[in-house]
Amino acid sequence: MQFGLSESQQILKNNARKFFAAECPMSEVRRIMETETAHDGKLWQSMAEQGFLGVVIPEEAGGMGLGMVELAALVEEMGRALVPGAFLATLAAGAAIHAAGSVRYLDEIAKGQVKATLALLESSASWDPDAVRMPAIHGEKLFVPDAGIADVMVVAARDGGELALYLVDGKTVEKTVMPAIDLTRRLYKISFNHANGERIAKGDAARKALDHALDVATVAACAELTGGMQRTMEIAVEYAKTRKQFGKPIGQYQAVQHQCADMFLLTESSRSATYFAAYALNEGVPEARSAVSVAKTYASDAGREVGNRGVQVQGGMGFTWENDVHLFYRRAKANEIAFGDATFHRERIARLVIDRMRASAAG
Amino acid sequence: MDLNLTPQELAFRDEVRAWFGENVPKDWVRRRNEEESMVARFAYLRAWQKKMFDAGWAGVSWSKEYGGRGATLMEQVIFIEEMARAEAPPMANVLGLGLIGPTIIAFGNEAQKKRYLQKILSAEEIWCQGFSEPNAGSDLAALATEAKLDGDHFIVNGQKIWNSYGWAADWCELVVRTDPNVPKHQGLTVLLVDMKSPGVEVRGLKQMSGESEFCEIFFRDVRVPVENVVGKVNEGWKVAMGTLMHERGTFGAALQVNYRRNFNRLVEIAHQIQRNGKPASEDPVIRQKLAQCYTEIEVMRFNQMRAFSQINKTGVPGPEGSIQKIFWSELNQRFQQVAMEIMGPFGQLAHGAEHAFDQGQWEYGYLRSRGNTIEAGTSEIQRNIIGHFVLGLPKSY
């Protein structure tokens, strides 16, 4: 048993850290987030050249054909660097296409030529695929990430009574930005007016594809949260070592030091839960779905708590616009919400674990 | 990343599982929750350890040279998990097996190894630790129990406290001050003390949970032969820290299995007990709280797997090792509180009460868990360790 990255996985992670430190320092993050779409074409192309955009896309479809653990390692570093733009949106859409048994756009996604997103939520704001009501393909979708630059959208809609997934050209729909807490990633309202789309799955197949895409995206969100926590902790600990009050570094006071220790506990535990979920999903073990929910439950709450302590430890400086911590704090809240918050995933655990324990006792 | 067991590990697991399957006493699960004198209970556990020893299962982590199995770390973890899974009784000589034996192996001389180790494994001699004192708890190095050299003996005077198994112990690993004129960490020595020596007095210390797991031990002019020094005179701090490292090691492996069993039992209760005319397990608030407990128990398991893997790979615990103590202790307190909420008025019922769930063990579990964030290094000390030794913040004390 080895719970930890293999040598090649560690190399991938180290390379990603070096790459984003060079190509996407905080000055770049701040520049890109001020643009209309919070997306940078040059950075995106460099990421494609590294193979990052096709990390879990099969080799025969033009990707690197790596697994969920490699994805988590990469995305953790992206979270640590607060990389803006459509990576998570494109990942979710690509995973849905692939899980629906299609290879449409996967090669272009891996090459950086196509950016994609997943349009799921409606006015009910539910992450449960059962809540999809929009008929194919007419109506409104909300909270669609990075739709502003998406060339293609995977749209969940009802075909008759059944859930179905469609590929819709991103340029044919009306997009309205929904200004929100995370400045590094835009959310949109999409209005479909009897739009054309290619149906890639229907009924059970659509449900399975969507479930899988959401599980993949959820693990990625956990990895991003973990990376964000890591960076927030590093910034706060550095400050606690250098900032002096009453003649001592504030990190010498236990009231401050113990907040840092809590940040460490929360960050490392999120990391453990995230990599276990990635591994479980990759191996297709029976408890993979509950493991994904365990990771998202834990990392969602931990991300917020680490953010709170990261600001608190830095006092007034932590509350300023110039301090980078608020950018991570914002991202942490958006990721806490994305693909279901802790409350959503705890209820999912209740169904997957607690209800089944009664069923098995009765049976 | 690979969480599968190797063929050797699987074979080891099967062997362990088979042995426990055949040998775990059938009356233990019932007996565990019954009122019984501490002495009678201990005799039972001592006999059980002897049985494990005779079959070669006591001290699996110890090298073969000293009567163990030389198990790899993963095998130790498997062993501990299987033992918990089989609901086997604990072994009587907990501190001897887990802490003091390994300390003697690491720091003791050949004569000491020959004299003490086998009898630890067989539970022929029970051990306790004499570390904390009334004025030296978290600040252990401030301890004042003194040992003065008198020919070929040390004369020991002082008082120890919080000594688990002190009432049952034949021997004590005692930390004493042998040089009061040097900085506090430098004047300490570890002695092995025969508890039957004249001048040793043990008093029980009743806890808030009602038991007397712990003791106080008083030493008045107790004579300890110089050959009972472990390591070197005035180098006791190193030896004592070596012991505490073991305390924070593989201990969590059994906890994780026990927590999961307690969780499963609580879910069963939540399915039975009514709340607002429905089973409590259908109440949305209870569902959230149970799912949070499940989440934390799982995360504890993942943290442990990571920590064990790290030790296995590099020989030293990684940073995630230092969070375990805080994690399991605080988790258990939250879990016990959720159990109380689910059981409502029934939760408070103690052993012997009609209508109590599981012979009142939840009332006991709730009270006992309060000690978790104090014993084996308080949460505050654990956070100091993370702050200073892991994050590199200046020492706060």
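# Close-up views of a predicted two-chain model

View 1. I137(A) is found in the loop that joins β1 to β2 (139-145) of chain A. In this model, which is predicted, the peptide bond leading from A136(A) to I137(A) is cis, with an omega near -20 degrees. D146(A) has its place in the loop between β2 and β3 of chain A, and its phi is near 50 degrees, a positive value in a residue other than glycine. D146(A) is buried, with 25 other C-beta atoms within 10 Å.

**View 2. The open four-stranded sheet of chain A.** Four strands of chain A make up an open sheet in the order β1-β3-β4-β7, and their pairing is mixed. Because β1 (116-119) and β7 (198-202) of chain A stand at the edges, each with a single partner strand, one side of each is left without a neighbour in the sheet. From one strand to the next the twist averages 25 degrees. Helix α5 (residues 87-99) of chain A packs on the sheet and touches β1, β3, β4 and β7 of chain A, its direction making about 75 degrees with that of β1(A). Helix α7 (residues 204-242) of chain A also lies across β1, β3, β4 and β7 of chain A, and runs at about 65 degrees to β4(A).

**View 3. Strand pairing around β3 of chain A.** With β1(A), strand β3(A) pairs in the parallel sense over four bridges, and A116(A) has V152(A) as its bridge partner in β3(A). With β4 (residues 162-169) of chain A, in contrast, β3 (residues 152-159) of chain A pairs in the antiparallel sense over eight bridges. In β4(A), Y166(A) is the bridge partner of V155(A), while L165(A), likewise in β4(A), is the bridge partner of A156(A). The strands β3(A) and β4(A) form a hairpin with two residues between them, and in the turn G160(A) has a positive phi of about 65 degrees. Strand β3(A) is mostly covered, since six of its eight residues are buried.

**View 4. The packing of α8 against α10 in chain B.** The helices α8(B) and α10(B) pack at an angle of about 15 degrees, and their axes are 11 Å apart. The two helices, α8(B) and α10(B), are therefore roughly parallel to each other, and their crossing is left-handed. From α8(B), the residues G252(B), L255(B), Y259(B), L266(B), I269(B) and A270(B) meet Q324(B), W328(B), N332(B), F335(B), A339(B), I342(B) and M343(B) of α10(B). Sorted by class, this contact of α8(B) with α10(B) has ten nonpolar and three polar residues, and no charged residues.

**View 5. The side of chain B that touches chain A.** Between the two chains, 41 residues of chain B are in contact with 42 residues of chain A. On the side of chain B that touches chain A, α8 (252-272), α9 (284-314), α10 (324-343) and α12 of chain B each supply at least two residues. The largest share of that side of chain B, 16 residues, comes from α9(B). By class, the side of chain B that touches chain A has 20 nonpolar, 13 polar and eight charged residues.

View 6. T378(B) is found in the loop between α11 (361-370) and α12 (379-390) of chain B, and it is partly exposed, with 16 other C-beta atoms within 10 Å. Once its neighbours within four places in sequence are left aside, T378(B) is in contact with S138(B) and T373(B). The C-alpha atoms of T378(B) and G137(B) are separated by 9.6 Å, although these residues are 241 residues apart along the chain. Y165(B) has its place in the loop between β3 (153-161) and β4 (171-177) of chain B, and its phi is near 65 degrees, a positive value in a residue other than glycine. With 20 C-beta neighbours inside 10 Å, Y165(B) counts as buried, because a residue is taken as buried if 20 or more other C-beta atoms lie within 10 Å of its own.

How values were computed
Residues numbered from 1 in each chain as written. Chains lettered and ligands numbered in written order. Predicted model: local features only at pLDDT ≥ 70, side-chain atom pairs only at ≥ 80, totals over all residues. Pairing = 2+ DSSP bridges. Axes fitted to C-alpha atoms, helices over the stretch in contact; angles between N-to-C directions. Contact = placed C-beta atoms within 7 Å. Buried ≥ 20, exposed ≤ 12 C-beta atoms within 10 Å, placed from the backbone. Nonpolar A, V, L, I, M, F, W, Y, C, P; charged D, E, K, R; others polar. Parallel < 35°, antiparallel > 145°, perpendicular 65-115°, else oblique. Left-handed = near helix turned anticlockwise from the far one by under 90°.
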